Amino acid sequence: NMELQNEKLRKSKQYSIYTLFLFTIIFLSFLFYYIRLTRREIEQPLNEIEENINKIKEGTYDLTKISNTNKEMYAICNALEEMANMVQKEIAMTKENAVLEKKLLLMENDNLRKEEQLLLSEMKMLQNQINPHFLFNALESIRMRSLLKEENETADMVEKLAIMQRQYVDWGNDS
């Protein structure tokens, strides 16, 4: 009897070990399946976020394809979308500033050209005023020297030339 009971006990232990082994395998299978499922739920949105970050680097900002399966992913997706929007705004502002700076530089360049033309005109006007005075002073010096040497005829000719020249300059200023 004892032997029989020992045999039953041994078979019962064996059965318990097999059952425990079977439950362990089933538990590990379910655990592996759950880990795989959870991992996929985490990895897939992260992969989508990574793809969208790469799209942002390329200049594409469509982030509507990111799945928002849980709170953490939702927060990450929102932060990523806000970042993309800020980048878009910065790019737009930079472009707008560049256009405005270009317009400002063109206006400054135009103003400098106008200022240069104004200065050239003033210089020509001053030259036109100086040239006749120089000529009249030179003619007057020649006339005075002629008078000192008592060359009255030369002095009269120089005076008449100065009068003619003065009339010519006055006529030029009338037009």
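This is a predicted model: local features need pLDDT of at least 70, side-chain atom pairs count only at pLDDT 80 or more; totals for chains, interfaces and linings use all residues.

Student: Does Arg 143 count as buried or exposed?

Tutor: The cut-off that decides this is a relative accessible area under 20% for buried residues. Arg 143 has a relative accessibility of 18%, and therefore it counts as buried.

Student: Leaving aside neighbours within four places in sequence, which residues is Arg 143 in contact with?

Tutor: Contact here requires heavy atoms within 4.5 Å. Once the neighbours within four places in sequence are set aside, the residues in contact with Arg 143 are Ala 155, Val 158 and Glu 159.

Student: How many helices and strands does the protein chain have, and in what order do the elements run?

Tutor: The count for the protein chain is three helices and zero strands. Read from the N terminus on, the order of the elements is α-α-α.

Student: Why is the protein chain described as more spread out than a compact globule?

Tutor: The C-alpha atoms fill a box of roughly 175 × 30 × 20 Å along the principal axes. For 175 residues the globule rule gives 16 Å, and the protein chain is more spread out than a compact globule because its radius of gyration is well over that, at 52 Å.

Student: What percentage of the 175 residues in the protein chain is buried?

Tutor: The protein chain exposes about 15700 Å², of which carbon and sulfur atoms supply 60%. Of the 175 residues, the share that is buried is 12%.

Student: Which residues make up the largest nonpolar core, and which element gives the largest share of this core?

Tutor: The largest nonpolar core has five residues in all, namely Ile 49, Ile 56, Cys 77, Leu 80 and Ala 84. The largest share, three residues, comes from helix 2.

Student: Turning to the surface, is Tyr 34 buried or exposed?

Tutor: Tyr 34 is found in helix 1, which spans residues 2-58. Together with Phe 27, Leu 28, Leu 31 and Ile 35, Tyr 34 forms a nonpolar patch on the surface with about 530 Å² of accessible area. Exposed residues are those over 50% relative accessible area, and because Tyr 34 has 56%, this residue is exposed.

Definitions and conventions:
Residues are numbered from 1 along each chain as its sequence is written. Side-chain values use heavy atoms; hydrogens and water are left out. Patches are made of residues with over 30% relative accessible area and no salt bridge: like charges are joined within 9 Å, nonpolar side chains (Val, Leu, Ile, Met, Phe, Trp, Tyr) within 5 Å. Accessible areas come from the Shrake-Rupley method with a 1.4 Å probe; for residues, only the protein chains shown count as cover. A salt bridge is a side-chain nitrogen of Lys or Arg within 4 Å of a carboxyl oxygen of Asp or Glu. Helices (H or I, at least four residues) and strands (E, at least two) are DSSP runs, numbered from the N terminus. Buried means under 20% relative accessible area, exposed over 50%, partly exposed in between (1.4 Å probe, protein chains only). A nonpolar core is a set of buried Ala, Val, Leu, Ile, Met, Phe, Trp, Tyr and Cys residues joined through side-chain atoms within 4.5 Å. The radius of gyration is taken over C-alpha atoms; the globule rule is 2.2 Å times the number of residues to the power 0.38.
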